[in-house]
There are 2 protein chains.
Amino acid sequence: MSAPKVRLEDVLAPVAGGLERMRSIMIEQLTDHSASVRDMTDHISRFRGKQLRGALVLLAGEATGNATDEHPQVAAIVEMIHLATLVHDDVLDGAEVRRRVACVNERWDNQVAVLLGDFLYARAFALSTELSSRLASRVLSETTRRLCVGEIDQSQRRYDFEMPQEVYESIAGAKTATLYAAACELGARYPGGNEDTGREMRALGWELGLSFQIIDDCLDVTGTQEAVGKSVGNDVEDGKVTLPVLHVYAGADENTRAAIRDAYTAPGIERRAKHLREVVDLAPGVDYALARAQELIEQARLRIAELPPTPARTALDALTAFVLERNW
Amino acid sequence: MSAPKVRLEDVLAPVAGGLERMRSIMIEQLTDHSASVRDMTDHISRFRGKQLRGALVLLAGEATGNATDEHPQVAAIVEMIHLATLVHDDVLDGAEVRRRVACVNERWDNQVAVLLGDFLYARAFALSTELSSRLASRVLSETTRRLCVGEIDQSQRRYDFEMPQEVYESIAGAKTATLYAAACELGARYPGGNEDTGREMRALGWELGLSFQIIDDCLDVTGTQEAVGKSVGNDVEDGKVTLPVLHVYAGADENTRAAIRDAYTAPGIERRAKHLREVVDLAPGVDYALARAQELIEQARLRIAELPPTPARTALDALTAFVLERNW
């Protein structure tokens with residue numbers, strides 16, 4: 001993967017105003033009366049990230065002629081749910097780090113991460129109940145449920161090197177694509193009606209989100225921390241067998257399969273993802289996974305082509321390029 | 001505290017049918033398509049407990065003449081939120097146990113507890129969006145936020161031996177009484193209207209819940225695992241300074257204060273709650289806390305006395321006795 005040709009900020013220009021509004025709503029929502037909570041929500045501003053999910057609410061709204069004054073609020077709720085999932089992922093990452101580092105303050109850290117994530121979920125749901133329509137509460141609570149189920153299913157499929165691709169996709173879809181899909185559906189449908197457009201945009205969100213997750217999985221086995229901007233190799237450490245590895249494993253002889261399993265599981269291996277790359281050529285798996293991501297993006301582009309020509313449609317199209325070309 | 005004079009099952013007889021319905025709704029809601037999730041929700045059936053919060057929705061509904069067909073569903077949502085908080089408390093308890101036991105499988109356990117709690121919250125909110133009125137979604141998402149803030153504030157007040165009683169009560173209230181208050185308010189008000197009755201019943205729930213928490217805090221420093229049915233001494237282990245200890249600390253000389261602080265913090269102490277009891281007489285603190293619980297219950301009883309005479313009113317009154325007399 002080369003340096004991205006697309007600057008995200010430029011892509012999102014057509015909804016820059018809505019994103020600004022979304023960000024102020026988030027700041028307002030995360031400013032609690034409790035000083036302890038404020039300390040923590042200040043702390044998580046480091047998670048800001050790409051805010052693609054919130055942007056999709058706004059872009060889908062503009063692209064379908066369905067944008068309302070409440071869209072930035074819906075976008076803020078979607079981003080807060082995403083933030084909650086990141087904070088809870090931290091609990092698991094914390095455990096990860098602890099396997100190598102002395103168990104100092106582990107309890108405090110875990111406690112903070114769990115409670116703060118819960119606070120964010122609660123705040124997001126509370127905000128959704130203030131909207132004029134119940135659609136966002138309905139779609140997003142069901143989405144959150146699916147997202148949790150995806151994560152739980154994933155945790156139960158650790159070290160499953162023979163997982164069928166459709167199981168991988170359904171799990172990756174549930175844990176990631178489902179929130180993209182909800183963002184696009186709500187953008188196109190909120191506060192109600194437009195069910196056909198909603199379904200179409202939901203499918204677009206799913207394809208974008210699944211593609212995003214597949215690229216993420218590729219970056220985790222091939223990327224460097226410097227380029228990706230977060231620690232890599234986590235999936236191998238965690239026992240998550242992702243599409244590039246599944247593909248290589250499926251086509252490998254028994255010796256190579258044993259080497260892959262050892263890279264994931266044998267005691268004493270320090271940097272498992274690096275070790276995995278040393279014992280097996282992952283390139284064919286990465287190529288295969290990228291081709292699958294490309295295929296999903298092609299489907300998404302066909303849907304985008306059906307939309308009326310607007311700056312938001314152009315932005316959605318550019319976003320598909322960003323998802324494919326990004327290396328962070 | 002002597003053996004309870006009140007059998008909870010008898011007290012709740014007037015809403016036995018509603019509780020039965022509430023339990024089937026919970027079973028239905030916790031039965032997910034995902035086999036992994038089902039394994040976990042089966043596992044948490046061990047958390048069943050007293051279901052007082054759900055019962056209060058039903059009792060408050062009956063006692064105010066406001067019971068509807070949807071009340072058991074509201075009760076189930078309240079209980080599922082409570083269950084989610086218990087599951088997330090487990091993450092913290094897990095960390096606690098890990099301080100003494102080898103870190104085997106800690107990651108998997110943490111992951112499961114965090115995701116399962118999230119699943120329960122999401123399921124609860126999703127169910128609330130299916131109700132005919134938005135009131136339950138609104139009240140319960142805001143309640144969950146407060147509950148999280150209470151827990152966060154508590155975590156930041158660990159080892160604070162000079163916490164004013166009103167801070168202790170506001171934290172204990174936020175983390176426990178707020179859900180009791182919401183249960184009673186929704187019972188009395190759902191699907192809407194009845195704001196005055198709602199406020200009155202909310203105050204009753206707050207008093208009951210705060211009293212319940214104070215008794216819990218007393219049992220944690222004085223009770224035995226056999227009697228209470230769960231591990232005791234957790235608050236001392238966790239650095240939570242509860243009302244009985246705050247009261248004793250406030251009236252103690254500097255030597256005794258140092259001994260109390262050491263019991264909470266000095267390295268090498270194995271059973272801190274037991275040690276605390278050995279270095280200081282907690283009885284005056286427990287008496288003081290029980291008197292405060294009693295006072296809250298008296299206030300609650302005055303409110304109950306204002307209700308029209310019904311079996312539900314009698315049950316609410318008996319419940320206040322149960323809260324005070326329980327030793328589990």
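Visitor: How are α7(A) and α8(A) oriented to each other, parallel or antiparallel?
Guide: Keep in mind that this is a predicted model. The axes of α7(A), residues 135-156, and α8(A), residues 165-189, cross at roughly 170°, so the two helices are roughly antiparallel. Their axes come within 7 Å.

Visitor: Which residues meet there?
Guide: On the α7(A) side they include A:Leu135, A:Val139, A:Leu140 and A:Leu147. Among their counterparts in α8(A) are A:Ile171, A:Ala174, A:Leu179 and A:Leu186. By class, that contact has eleven nonpolar, four polar and six charged residues.

Visitor: Zooming out, how many residues of each chain are in contact?
Guide: 40 residues of chain A are in contact with 40 of chain B. On chain A's side, α3, α5, α6 and α7 each supply at least two residues.

Visitor: Which helix of chain A gives the most?
Guide: That is α6(A), with 15 residues. The side of chain A that touches chain B divides into 17 nonpolar, eleven polar and twelve charged residues.

Visitor: Staying with α6, is A:Gly117 buried or exposed?
Guide: A:Gly117, which lies in α6 of chain A, is buried, as 26 other C-beta atoms lie within 10 Å. Setting aside its neighbours within four places in sequence, A:Gly117 is in contact with A:Ala84, A:Val87 and A:His88.

Visitor: And how far is A:Gly117 from A:His82?
Guide: They are 35 residues apart in sequence and 9.8 Å apart in space, C-alpha to C-alpha.

Visitor: Switching topic to chain B: what is the span of α8(B) between its end C-alpha atoms?
Guide: It spans only 31 Å, whereas a straight helix of 25 residues would span 36 Å at 1.5 Å a residue.

Visitor: Where does α8(B) bend?
Guide: At B:Ala174, by about 50°.

Visitor: Last one: how many residues of α8(B) are buried?
Guide: 20 of the 25, so α8(B) is largely enclosed by the rest of the structure.

How values were computed. Residues numbered from 1 in each chain as written. Chains lettered and ligands numbered in written order. Predicted model: local features only at pLDDT ≥ 70, side-chain atom pairs only at ≥ 80, totals over all residues. Helix = DSSP H or I, 4+ residues; strand = E, 2+ residues; numbered from the N terminus. Expected span 1.5 Å × (residues − 1). Bend = angle between axes of the 7 residues up to and from the residue. Buried ≥ 20, exposed ≤ 12 C-beta atoms within 10 Å, placed from the backbone. Axes fitted to C-alpha atoms, helices over the stretch in contact; angles between N-to-C directions. Parallel < 35°, antiparallel > 145°, perpendicular 65-115°, else oblique. Contact = placed C-beta atoms within 7 Å. Nonpolar A, V, L, I, M, F, W, Y, C, P; charged D, E, K, R; others polar.
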